[in-house]
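Trainee: I would like to learn how to read a protein model with care. Could you take me through one, feature by feature?

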Amino acid sequence: MQKNDVITEISKFHNITEGEISNLEKFISILLDYNQKLNLIGSSTAKDVWMRHILDSAQLLEFISDKNLIMADFGTGAGFPGIILSILGVKNIYLVEKSPRKCQFLREASKISENKINILEKNIQDIKNLRFDIIVSRAFAPLDKLLNISNNLLSNNGNYLLLKGKNLEKELENAKKELIKYKYKIFKSRSSEEGNIIRLKVKCAVKLNNWHNL
């Protein structure tokens with residue numbers, strides 16, 4: 001899927017502007033430049049960056065009704081999906097990444113966005129005195145681990161919006177084994193036949209079978 005096809009797909013759920021398209025192009029340019037030194041993304045995905053990274057990240061906007069909510073992107077790596085969501089209108093997002101080298105890139109790339117990006121160079125477990133309305137993540141950690149280390153960082157009625165692969169059902173089962181009580185809804189990815197988006201809310205650390213309607 002090429003640039004124009006991706007823009008057409010994004011326009012189905014977001015009124016993308018010329019300014020946003022220009023900023024996405026600037027972001028890609030910086031990403032590919034840094035990638036030669038930091039290996040931020042795989043060489044195979046670099047050849048199809050518009051679909052594999054831009055669309056993959058942008059599609060979360062379809063499930064974000066209020067762009068003024070406080071969001072966090074855990075294990076953001078090269079800024080996916082966080083920086084893309086910011087470029088496309090999310091007003092205030094925290095990018096959490098423990099790698100100093102990746103944070104060096106994030107500080108440079110975040111200047112492209114017209115919205116507020118906060119970069120936290122630390123482990124999730126070290127975050128204090130912050131609560132988020134939405135936690136997003138892509139290819140960061142198995143679901144049970146992510147929920148265990150971050151559920152205390154959600155605000156009241158906050159929820160997760162996660163990009164997951166073909167092993168999602170197994171991850172959900174493992175979360176139940178950890179006695180995590182949750183409700184969720186799964187949506188198919190626009191960028192990958194095997195990909196999924198899961199919107200999930202943790203209730204408490206009590207096992208509950210067959211409760212999965214959100």
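Mentor: Let us begin with a term: a residue is called buried when its relative accessible area is under 20%, exposed when it is over 50%, and partly exposed in between, using a 1.4 Å probe and protein chains only. Please keep in mind that this is a predicted model, in which local features need pLDDT of at least 70 and side-chain atom pairs count only at pLDDT 80 or more, while totals for chains, interfaces and linings use all residues. Residues are numbered from 1 along each chain as its sequence is written, and side-chain values use heavy atoms, with hydrogens and water left out.

Trainee: In which helix does Ser57 sit, and is Ser57 buried or exposed?

Mentor: Helices (H or I, at least four residues) and strands (E, at least two) are DSSP runs, numbered from the N terminus. Ser57 belongs to helix α4, and with a relative accessibility of 0% it counts as buried. To see what surrounds such a residue we use contacts, meaning heavy atoms within 4.5 Å. If residues up to four places away in sequence are not counted, Ser57 touches Phe80, Pro81, Ile84, Leu85 and Leu163.

Trainee: How many helices and strands does the chain have, and why can it be called as compact as a globular protein of its length?

Mentor: The chain has eight helices and seven strands. Its radius of gyration is 17 Å, close to the 17 Å that the globule rule gives for 214 residues, so the chain is as compact as a globular protein of that length. The radius is taken over C-alpha atoms, and the rule is 2.2 Å times the number of residues to the power 0.38. Along its principal axes, the C-alpha trace spans about 45 × 35 × 30 Å. Of the 214 residues, 55% count as buried, and among contacts between residues at least 6 apart in sequence, 65% join residues at least 24 apart.

Trainee: What span does helix α2 reach, and what span is expected?

Mentor: The expected span of a helix is 1.5 Å times one less than its number of residues. Helix α2 (residues 18-38) has 21 residues and reaches 29 Å from its first C-alpha to its last, close to the expected 30 Å.

Trainee: Which residues of α2 are buried, and what covers them?

Mentor: In α2 the buried residues include Glu20, Leu24, Phe27, Ile28, Leu31, Tyr34 and Leu38, and their cover includes α1 (3-10), α4 (49-58), α5 and α6 (100-109). Leu24 in particular has 0% relative accessibility and counts as buried. Leaving aside its neighbours within four places in sequence, Leu24 is in contact with Ile16, Trp50, Ile54, Ile84, Ile87 and Leu88. By way of distance, the C-alpha atoms of Leu24 and Lys183, which are 159 residues apart along the chain, are separated by 34 Å.

Trainee: What does Val202 touch in its strand?

Mentor: Val202 lies in strand β7 (residues 196-204) and is buried, with a relative accessible area of 14%. Not counting residues up to four places away in sequence, Val202 touches Leu147, Asn151, Tyr160, Ile180, Lys181 and Tyr182.

Trainee: Which backbone angles deserve attention?

Mentor: Most residues other than glycine have a negative phi, and most peptide bonds are trans. Here, a cis peptide bond joins Phe80 and Pro81, with omega about 0°, and Pro81 is found in the loop between β1 (70-74) and α5 (82-87). Asn129 has a positive phi, near 60°, and its place is in the loop between β3 (116-120) and β4 (132-138). Asn157 also has a positive phi, near 70°, but lies in strand β5 (residues 154-164).

Trainee: Are Asn129 and Asn157 buried or exposed?

Mentor: Asn129 is exposed, with a relative accessible area of 79%, and Asn157, at 71% relative accessibility, counts as exposed as well.
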